[in-house]
Amino acid sequence: MTSDSLDHSGSARSRAAEERHETEAERQDRKFNDILQELRVVMTGTQLITGFLLAVAFQPKFAELEAQEVTLYLVLVVLATTATMLGLAPVILHRQLSGKKQKDRVVRIANTLLLILLVVVSLVAAGVAMLIFDVTMNREAGYVAGGVALLLLLAFWTVVPRIGEREPRRR
């Protein structure tokens, strides 16, 4: 997401619009298009993971899963389904409010939904790693894989966005 998409101060907004030479309407359109592009990327991965999870239940080995593995699996199915619904929500919102001159509201809500979606997909990714290592190796390997995945995701959410933060901005 662009840095100005989360900025709520009026002066920063107008400064960003002036730097890009765009009207407020053009800015809202650009921000919504950015959100749609990001949704496309996330939804492709979400659909693949959801398909994988749904196929797992029909594999012969599924009957051999322990209760804890089945519970983790069902939690992942619920999270993946929730992610799919969250990915649809901004598009549904746009369809419902299209033509009602509420693009700023659509962008604001869609941005929030996308952030929630990213958290849910992050949890699904870590959980899938945990499930695969648990089933193919052992429970401890599952915990390690899940923990490593969560640490990587935490780094992507907190450390990576700060890389280069102290460097002066180029114009």
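Helices (H or I, at least four residues) and strands (E, at least two) are taken here as DSSP runs, numbered from the N terminus. The structure is a predicted model, in which local features need pLDDT of at least 70 and side-chain atom pairs count only at pLDDT 80 or more, while totals for chains, interfaces and linings use all residues. Residues are numbered from 1 along each chain as its sequence is written, and side-chain values use heavy atoms, with hydrogens and water left out.

On these terms the chain has five helices and zero strands, and its elements run α-α-α-α-α from the N terminus on. Of the 171 residues in the chain, 34% are buried, where buried means under 20% relative accessible area, exposed means over 50%, and partly exposed lies in between (1.4 Å probe, protein chains only). The accessible surface, computed by the Shrake-Rupley method with a 1.4 Å probe and, for residues, with only the protein chains shown counting as cover, comes to about 11,200 Å², of which 64% belongs to carbon and sulfur atoms. Among contacts (heavy atoms within 4.5 Å) between residues at least 6 apart in sequence, 71% join residues at least 24 apart.

The interior was examined through its nonpolar core, defined as a set of buried Ala, Val, Leu, Ile, Met, Phe, Trp, Tyr and Cys residues joined through side-chain atoms within 4.5 Å. The largest such core has 31 residues, and those with the most contacts inside it are Phe32, Ile35, Leu39, Leu53, Tyr73, Leu76 and Leu117. The elements that give two or more residues to this core are H2, H3 and H4, with the largest share, 12 residues, coming from H4. In soluble globular proteins, nonpolar side chains tend to be buried together.

Tyr73, one of the residues with the most contacts inside the core, touches Leu53, Leu54, Val56, Ala57, Phe62 and Leu131 when residues up to four places away in sequence are not counted. The structure holds one aromatic pair, under a rule by which rings of Phe, Tyr and Trp (its six-membered ring) pair if their centres lie within 6.5 Å, planes under 30 degrees apart counting as stacked, over 60 as edge-to-face and the rest as tilted. The rings of Phe62 and Tyr73 have their centres 5.0 Å apart and their planes at 70°, so the pair is edge-to-face. Phe62 lies in the loop between H2 and H3 and Tyr73 in helix H3, 11 residues apart, and both residues are buried.

A further buried position is Thr46, which is found in helix H2 and has a relative accessible area of 4%. Thr46 touches Ala80, Ala83, Thr84 and Val121, not counting residues up to four places away in sequence, and the C-alpha atoms of Thr46 and Val120, which are 74 residues apart along the chain, are separated by 9.9 Å.

Charged pairs were then considered, a salt bridge being a side-chain nitrogen of Lys or Arg within 4 Å of a carboxyl oxygen of Asp or Glu. By this rule the count comes to seven salt bridges. In one of them, the side chains of Asp29 and Lys103 meet at 2.7 Å, N to O; Asp29 lies in helix H2 (residues 24–56) and Lys103 in helix H4 (residues 103–136), so the pair ties together parts that are 74 residues apart in sequence. Asp29 is partly exposed at 36% relative accessibility, and Lys103 is likewise partly exposed, with a relative accessible area of 26%.

The side chains of Glu66 and Arg139 also meet in a salt bridge (2.9 Å, N to O), a pair that links distant parts of the chain, with Glu66 in the loop between H2 and helix H3 (67–97) and Arg139 in helix H5, 73 residues apart. Arg139 forms another salt bridge with Asp134 (2.9 Å, N to O), and both Arg139 and Asp134 are buried, whereas Glu66 counts as partly exposed at 45% relative accessibility. Glu66, Glu69, Asp134 and Arg139 are linked in a network of salt bridges.

A nonpolar patch of about 670 Å² is made by Val144, Val148, Leu152, Phe156, Val159, Val160 and Ile163. Of these residues, Phe156 has its place in helix H5 (residues 139–158) and is exposed, with a relative accessible area of 53%.

Notes. Patches are made of residues with over 30% relative accessible area and no salt bridge: like charges are joined within 9 Å, nonpolar side chains (Val, Leu, Ile, Met, Phe, Trp, Tyr) within 5 Å.
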